[in-house]
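Please look through the structure shown below with this report beside it.

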Amino acid sequence: MLFNLNALITLELLLPITLTFVFIAIYALLGVYAERKIAAFIQDRVGPDEVGYKGTLQTFADILKLLQKEIIVPDSADKILFWLAPILIFASVFAGFAVLPFMHSEYYVNINLALLWVMTIVSIDVIGIIMAGWASNNKYSLYGSMRAVSQMIAYEIPLGFAILGVAVIYGTLNINQIITMQSIEGYTWGLWNTKNYGGFFLWSIFQHPHLLLIFLIFFTAGIAECNRAPFDIPEAESELIAGFHIEYSGFAFATIMLAEYANMLIISLLSVIMFFGGWNSPLPNLGNFFLYHWTNGGLFWSSFWLLTKSFLLIFIMMWIRWSWPRFRADQLLQFSWKVLLPASLTLVIFSVLWKLWLHP
Amino acid sequence: MQNQNPILISLSELKIKKIIMEFNSQFILDTLPALSLLGFGLIVMLLDAFKNEKITSVVTILGILISMLLAVPGVVIPEEIRLTFYNQIYTGGLAGLIHILLCLSGLLSVPFITDYLQKNNQTHLQGEIFSLILFSSVGMNLLATANDLMMTFIGLEIMSVSLYILAGSFKKDLRSNEASLKYFLLGAFASAFLLLGISMVYGMTGTTMLDRITTIDPNLIKDKFPVLFYPAIALIAIGFLFKLSAFPFHVWTPDVYTGAPTPLVGFMATGSKMASVIAFGFILNSLLPQSGDKLSQVIAILALLSMIYGNIVAAQQQNIKRLLAYSSISHTGYMLLGVAGGPEGYKAAIFYMLIYTFMTIAAFALISSIENKEEDLNYQNWSGLGVKNIAFGLIMSILMFSLAGFPPFAGFIGKYFVFLSAVKGGFVVHAVIGILTSVVGAYYYLKVLVTMFFEKPKDNIQPKTLKIRKNILIPIMVLALIIVIIGIIPAPISSYLDILYGKAGFLAKL
Amino acid sequence: MVETVLFWVLAVLSIATALAVITNRNPMYSVLLLVVNFFCIGGLYLTLNAEFIAVIQIIVYAGAIMVLFLFVVMLLNLGSEKSLEPAFDAKKGLAFLLGLAFLAEMLVAMKDFSAIGSAKETFEYGKVEKIGLQLMTQYVYPFEMISVILLVALIGALMIAKKYN
């Protein structure tokens, strides 16, 4: 059973939901600050510097301002859909966290279809984006949401195939099992037994070489799913002002931004879970220094490693955003349909072959 | 467990270990005819992709011939029909013959389609059209030889979707577009009915396998579901009757047959009908013991209505394609009468279908040879055409006489067997009315000939092209010859059908 | 208990949204309501323990097909539908009566329809592993043949969209 229905109405589930929400909110606040600072560093600027020490409180001030602001609903907007859209966008992304663990613990839904579920529920936010773009009754937002749809449909397929490649290798869609298998198998690239070393040797990308390529596809498609540069055509500032969320202000805007950052976290969490050993420690055993065994297991270490790895990936996303120019709309679609899709399909087939015959 | 429905095959029985049967390479050999068609469809697609459109027609003919040849061994050494591929599909014997018959309609229409495309400067469509013909032949094969109702549905959809596209393949032609859209919308609707019926049958019996459904005790079902069984079968029947264009579900037929490219209509009208008749008769025979004889009575009445309606309306048509469309409704009626007449009639219906295939493909090919503009299709403009162009007149007369059911042409033999089986099956009144309606049929078929031979030619409205192009003259003549030969000596084919039919095992028992 | 409540909520909601889809005059609202409807049906699958089908229902219909529908509706920029014919005529009345008769027949037929085992028995048949095993053994032939439908539809889409010189 996917959910324990009786548990839905108990506190047992309400607590993790609240905790997750608080965590995502704090993460997004820090994430925005980090993004600004990183952008500033890359562009050789100072960045936020006034509020708090080195500007650390800048985003808190921003969110306070956003909370106070009036949410202006355009006169010609479709009122119902206009209000529903940000809620749907955030809810769909947030529902994805139901099956994503932050640590090795009981406080998340451990189901067999976890990977598929994340794919499914996160893909719903396209509908929210369409609703936002259409309901605003603004030509820029409509363009933005149309671009978003064509982009997300295009990139969801390689994303799904990438997940399929991993699922083929591990024979499961269960996140817990995938992570566990990355702590026990021991043939790095199918060549030498590194069971005793542990650490990053056990990560799936080192166990199965083609998963490195699959990771690249997944990560690229994931960035596109988040509508981030260089795939941020839907909200290209120079062309569409802000894309589908032009008309949103105040807290509605904050919700959409929150969803975007939460989406980034989902993509990087999934990457870590599928390719970088999840909550397992990356440190290998060296001689008598059993670093792997010392730094593995337990609530602290598992959440520490999982989140550290995820934040590193988020940092890379930000790095990419501020270093690469934006794709053109047609290049973007061509890249997905003509490069990523065939490549991911080939890799899935290779995964099957690898699983059947090539892997020792 | 105590709560479980007794007629459901217990779920716990289907332990995984039992389901995993050793994958048998025999499965591939058994389904090779269909798989080779599929393979050639892909080859034709690739040829088109790499700009080798010109040879696609040859490759298509080759592919269909090879696929037919692969089915030949099972037919020549008359083996028993048997299940294969985890009981999903029938093979050998009668199933092989059915495959060959179904391939015929594709094979025979290819030369005419090639010619028609050249005539209309649409040769760039060759790759798509021929691959679709091959794929829809695969669908027909699956539909006609399926044992699982899901397989039936998949086959039906492959076939239908290909036909929807083929009907609209001339993009610039508005009538072709209309035909495609009408066919698609109504066809999708009919498929939904079929699917609903299948799901009901599954709900009642717990299986979609026809061979398992036949083994379930009829009384058990009647006790358990006194009402539900009839709507279920009625819904399945609606799905098939639509594809067959039987009377109340015929509305799409005239428009689609008029609008679609002419030689393609020949393909659409024959192959899909044959496959649907075979599947329909087969499913009906499997479900009959469950429903009693009421079902065949309903089918017989619908057959009667189709005959009456088709023939009477066809008599008022001016457009020859429309005329043939309405007459095809009446031909559906004859076939359905056979299907209603039990196993013997089912055999007669298959035989009728074979003859109908030859006649219809030849007729549409012949029409396409003189078709240049809309008015050419009006047979009132054909006055004196038979005298001016002897070949055209001669072949047209053979086809019209045969379609009308005059001896010694093949059409007569087909009708004879159908009516004979209907009389044997107890549908005497239906058979008599059927014969009367075919007299109406003779009226309008002969009216075409009268216009062609006995009316004075009116030059200004006559079709410009009078010559049949060389590359289709020979195929048409061959078809006409076949019609005459079958009409004179039907024995070899019909007796062979008898042998295979006897070997079809449980089918003959019904 | 929870499952019963959930079933009724989802069942009523799915019928209500389905009705709203066809009665609503705004195409955009219709499509969105259809999405809600698909979610409700997905939920119903969940109460039947068919978790895989539930997820597939949402990913395929709500996540992919309906997005394409929305896209098309946006591209066509349809206004609210205006009725071209009178709201009621004899044909519609007859169709309504026939539909009602069919509904009544189905209700009579379904009256003593015994449930196909309890949810516990179907428990393991909703699992991905079981479905995959069935598809790859018993139903491998139809499963592979479904791809031909997709291929054919693809050819059709190409034929319509392609510009021939």
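B:Asn121 is found in the loop that joins helix 5 (94–119) to helix 6 (126–145) of chain B. Like everything described here, this residue belongs to a predicted model. The phi angle of B:Asn121 is near 55°, which is a positive value in a residue other than glycine. B:Asn121 counts as exposed because it has 7 C-beta neighbours inside 10 Å, and the exposed class ends at 12 or fewer.

B:Tyr86 also has a positive phi, of about 55°, although it is not a glycine. B:Tyr86 sits in the loop between strand 1 (82–84) and strand 2 (89–91) of chain B. Is B:Tyr86 buried or exposed? With 20 C-beta neighbours inside 10 Å, B:Tyr86 counts as buried, because a residue is placed in that class when 20 or more such atoms lie within this distance.

The table sets out these two residues.

| Residue | Phi | C-beta neighbours inside 10 Å |
|---|---|---|
| B:Tyr86 | about 55° | 20 |
| B:Asn121 | near 55° | 7 |

Another backbone feature concerns a peptide bond: the one from B:Pro407 to B:Pro408 is cis, with omega near 5°. B:Pro408 lies in the loop between helix 18 (390–404) and helix 19 (410–424) of chain B.

## A buried alanine and the cores

B:Ala303 belongs to helix 14 (residues 294–314) of chain B, and it counts as buried because it has 31 C-beta neighbours inside 10 Å. Leaving aside residues up to four places away in sequence, B:Ala303 touches B:Gly333, B:Leu336, B:Leu337, B:Ala340 and B:His430.

The largest nonpolar core has 187 residues, and B:Tyr352, B:Ala362 and B:Leu399 are the ones with the most contacts inside it. Helix 16 (residues 342–370) of chain B gives the most to this core, with 20 residues. If residues up to four places away in sequence are not counted, B:Leu399 touches B:Met359, B:Ala362, B:Ala363, B:Leu366 and B:Ala480. There is also a second, separate core of 124 residues, which includes A:Leu116, A:Trp134, A:Tyr170 and C:Leu33.

## Helices of chain A

Chain A has 15 helices and 2 strands, and buried residues make up 46% of its 360 residues. Among the contacts in chain A between residues at least 6 apart in sequence, 75% join residues that are at least 24 apart.

Why can helix 5 (residues 114–122) of chain A be described as largely enclosed by the rest of the structure? The reason is that 9 of the 9 residues of this helix are buried; among them are A:Leu116, A:Trp117 and A:Ile121. The elements that cover these buried residues include helix 4 (79–96), helix 6 (125–135), helix 7 (139–170), helix 8 (175–181) and helix 12 (250–275) of chain A, together with helix 3 (51–76) of chain C.

Helix 12 of chain A also packs against helix 10 (residues 210–225) of chain A, at an angle of about 170° and with their axes 10 Å apart. That angle makes helix 10 of chain A roughly antiparallel to helix 12 of chain A. In this contact, A:Leu211, A:Phe215, A:Phe218, A:Phe219, A:Gly222 and A:Glu225 of helix 10 meet A:Asn263, A:Ile267, A:Ser271 and A:Phe275 of helix 12. The residues of the contact divide into 6 nonpolar, 3 polar and 1 charged.

Where chain C meets chain A, 22 residues of chain C are in contact with 22 residues of chain A. On the side of chain C, the elements that give two or more residues are helix 1 (2–23), helix 2 (27–47) and helix 3 of chain C. The largest share, 12 residues, comes from helix 3 of chain C. The residues on this side of the contact divide into 17 nonpolar, 2 polar and 3 charged.

Definitions and conventions. Residues are numbered from 1 along each chain as its sequence is written. Chains are lettered from A and ligands numbered from 1 in the order in which they are written. This is a predicted model: local features need pLDDT of at least 70, side-chain atom pairs count only at pLDDT 80 or more; totals for chains, interfaces and linings use all residues. Helices (H or I, at least four residues) and strands (E, at least two) are DSSP runs, numbered from the N terminus. Two residues are in contact if their C-beta atoms, placed from the backbone, lie within 7 Å. Ala, Val, Leu, Ile, Met, Phe, Trp, Tyr, Cys and Pro count as nonpolar, Asp, Glu, Lys and Arg as charged, and the others, Gly among them, as polar. Axes are lines fitted to C-alpha atoms, for helices over the stretch in contact, and angles run from 0 to 180 degrees between N-to-C directions. Angles under 35 degrees count as roughly parallel, over 145 as roughly antiparallel, 65 to 115 as roughly perpendicular and the rest as oblique. A nonpolar core is a set of buried Ala, Val, Leu, Ile, Met, Phe, Trp, Tyr and Cys residues joined through C-beta atoms within 7 Å.
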